[in-house]
Amino acid sequence: MRWWDIGPVLELERVLFPDDAWSKGLFWSELAHARGAGANRRYVVAEDAKGSVVGYAGLAAIDGTGDVQTIAVAYEHWSTGLGARLLAELLTTATAFECREVLLEVRVDNTRAQRLYERFGFEPVGVRRGYYQPGNVDALVMRLSDPNSAVQGMTHGSQS
């Protein structure tokens, strides 16, 4: 993801997450940490054949722990495998950042995303009450204890 992707990403963000969409400033701040010698973030976009942004994802890596900051896929691209490809890219990034584990939060009512994360080996480890505001929706915290193994499994065809 580059600065010129922020506009299209924000449009998709507002459609997918109308109650708790990220701000332009937050995306700018995250991208600022994705460049240079001390970079500890990676953000990617997926485009369709026309060059339109149809998905995006981001990871932060701090002290050996990766944190999936965001992952989103346009409705018309659900069930195409795009979410899995974006997650695989983040896990490859976590391995490159030498992360020993990867964490994420997912809405407790988003069972579709939870199933995707479970396919990659993430396990529930806790709940953050009222994490998503303003709707006061709880977040399920999930953890992948060995992103390197998950990446190796993906390259050997064990992930679907």
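**Strands, helices and a core**

Visitor: Which residue in β3 is the bridge partner of G55?

Guide: The model is predicted: local features need pLDDT of at least 70, side-chain atom pairs count only at pLDDT 80 or more, and totals for chains, interfaces and linings use all residues. Residues are numbered from 1 along each chain as its sequence is written, and side-chain values use heavy atoms, without hydrogens and water. Helices (H or I, at least four residues) and strands (E, at least two) are DSSP runs, numbered from the N terminus. In β3, G55 has as its bridge partner V73.

Visitor: Over how many bridges do β2 and β3 pair?

Guide: Two strands pair if DSSP finds at least two bridges between them. β2 (residues 53–62) and β3 (residues 65–73) are antiparallel, and their bridges number eight.

Visitor: Which strands are the edge strands of the sheet?

Guide: The open sheet has six strands in the order β1-β2-β3-β4-β6-β5, with mixed pairing. An edge strand pairs on one side only, as do β1 (41–47) and β5 (123–132).

Visitor: Which helix gives the core its largest share?

Guide: A nonpolar core joins buried (under 20% relative accessible area, 1.4 Å probe, protein chains only) Ala, Val, Leu, Ile, Met, Phe, Trp, Tyr and Cys residues through side-chain atoms within 4.5 Å. The largest has 44 residues, and Y117 and F122 have the most contacts inside it. Its largest share, eight residues, comes from α3.

Notes:
Buried means under 20% relative accessible area, exposed over 50%, partly exposed in between (1.4 Å probe, protein chains only).
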